[in-house]
Amino acid sequence: MLLSACSGSGSTDSSGAVDGKGQTLDVLVNVNSAYPEEQKNWMTDIAAKFKQQTGAELKFETFASANDELTKIQTSVVAGQGPDVYSLGTTFTPTAYATGAFVKLGDAEWAKVGGKDRFNPAALGISGPDAQNQVGVPFVSRPFVMAYNTELFKAAGLDKPASTWDGLAAQAKQLTGNGNYGMAVAYKDGFDPWKFIWAMAAEAGNPLVDGNQAKLDDPAVQKAYQSYFGWLNRDKVVDPASVGWSNSQALAAFAQGKTGIFPITTATAAKTLDASAVKGKYAFALMPTVAPGQTERPVNGIEAASILSGDNLVVADYSKNKDLAFAYIKLVTSKDEQLNYNKIFGDLPANSEGLKAIDNPLFGPITEAATKSHATPFTGAWGDIQLALTNVVVQSIPELSSGGVSDAALKQRLQDAQTKSQKSLERAGKG
């Protein structure tokens, strides 16, 4: 059962301004490992603007992985104390919603953040299970695409990245050699690995969640992992060091100009790439939408160019600073602040006017990916399922480092992930 929202601390005058003098708003955000100094400066800047508007202080807390994110939600909800505002990856919004511990957004709440119509409608796609039951205010949009080195592609006689995963692997082989690698892949990243598996399985016609059933032990999922691991151990198109890479390290490797394809990235990469050896020598493209082992999608396959990705802002129902929380959200989702955030980090605005103001010829495929994005299942179990998918990779790192993961070991890990995911779905169904 969802708890009803109340205004909380911080008086509001007739103009809508909030007086928060003497108070502190606690905001939880993801650590930006690619731009740590820029994030620190942004926090200082937005805190100053917030204090000027409300008189209140801003305190930022951070999380560094999906596991940290889930743990923070769970512990704070149980304790009934913690951050006032959470900036969550969109795939964790269902988990937050399922707890019933975050403010449900009615007309009054949307008005406090500037109105629902200030946001790009597509960004609202995972704010809640339906338009009448929403907890997440869109902060930024982050559809996933590939980056590719146009100079290396031309030298290999290639025009653009393939639209099938098998075709992309074949291109990566052509791009590998003479000190170059076909792909930059972050096997040890805390967020990336499951996205490949989700996409490949969906494209093969196997949803990871089908009603109240988990389907992580399906052959299509095993095929997805075999292809993903195979780039390293079978095809040898990935730098062996990538077993220990995070996404920012894979991006740095691609930026050196010796890698053909960076197969999962976002608009945020442009800032790094435009200050690197590949400036003017790279472009973005849609990720493949045909599963490994196939030449076209089956009738029940999904054109999963990207997950519906970005960050949502949710307000804790236990917060005594709800009016301040909505004042903060209103500030950071304003057109000017969204464009400022885009300039610093590259994330696309969720603010509709801000999004229209973005003018970068490289971003065409990113905009297309946004229109072809698909939401992950809206279930409170998804956080656990996402971690189970990633954990298959975590458990496989030692074998990836020493030659490859056996089919038997992979099958056992998927059975374990299936069992855990099914139990999570059943718990969520009883919640």
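**Entry 1: the sheet**

I began with an open sheet of six strands, which has mixed pairing and the order S4-S3-S5-S14-S6-S15. The model I am reading is a predicted one. I then looked up the edges: strand S4 (57–63) and strand S15 (348–349) hold these places, each pairing on one side only.

Next I asked in which sense strand S3 and strand S5 pair. Strand S3 covers residues 24–30 and strand S5 covers residues 85–89; the two are parallel and are joined over two bridges. I traced leucine 28 to its bridge partner in S5, which is tyrosine 86.

**Entry 2: helices on the sheet**

I looked up which strands helix H1 touches. Helix H1 (residues 36–54) packs on the sheet through S3, S4 and strand S6 (137–141). I noted an angle of about 150° between the direction of H1 and that of S4.

I then turned to helix H11, residues 322–332, and found that it lies across S3, S4, S5, S6 and strand S14 (310–315). Helix H11 runs at about 155° to S14.

**Entry 3: H7 and H15**

For this pair I recorded both the angle and the distance, because two packed helices are described by the angle between their axes and the distance between the axes. The axes of helix H7 (residues 193–203) and helix H15 (residues 382–401) come within 8 Å and cross at roughly 105°.

I listed the residues that make the contact. Helix H7 contributes Pro193, Trp194, Ile197 and Trp198, while H15 contributes Trp382, Gln386, Leu389, Thr390 and Val393. How do the residues of this contact divide into nonpolar, polar and charged? I recorded seven nonpolar, two polar and no charged.

**Entry 4: positive phi**

I checked backbone phi values next, since most residues other than glycine have a negative phi. Asparagine 178 is not a glycine, yet I found a positive phi of about 55° there. I located asparagine 178 in the loop between helix H6 (165–175) and strand S8 (181–183).

I placed lysine 236 in the loop between helix H8 (219–233) and helix H9 (247–255). With 54% relative accessibility, lysine 236 counts as exposed.

Definitions and conventions: Residues numbered from 1 in each chain as written. Predicted model: local features only at pLDDT ≥ 70, side-chain atom pairs only at ≥ 80, totals over all residues. Heavy atoms only, no water. Pairing = 2+ DSSP bridges. Helix = DSSP H or I, 4+ residues; strand = E, 2+ residues; numbered from the N terminus. Contact = heavy atoms within 4.5 Å. Axes fitted to C-alpha atoms, helices over the stretch in contact; angles between N-to-C directions. Nonpolar A, V, L, I, M, F, W, Y, C, P; charged D, E, K, R; others polar. Buried < 20%, exposed > 50% of the residue type's maximum accessible area, 1.4 Å probe, protein only.
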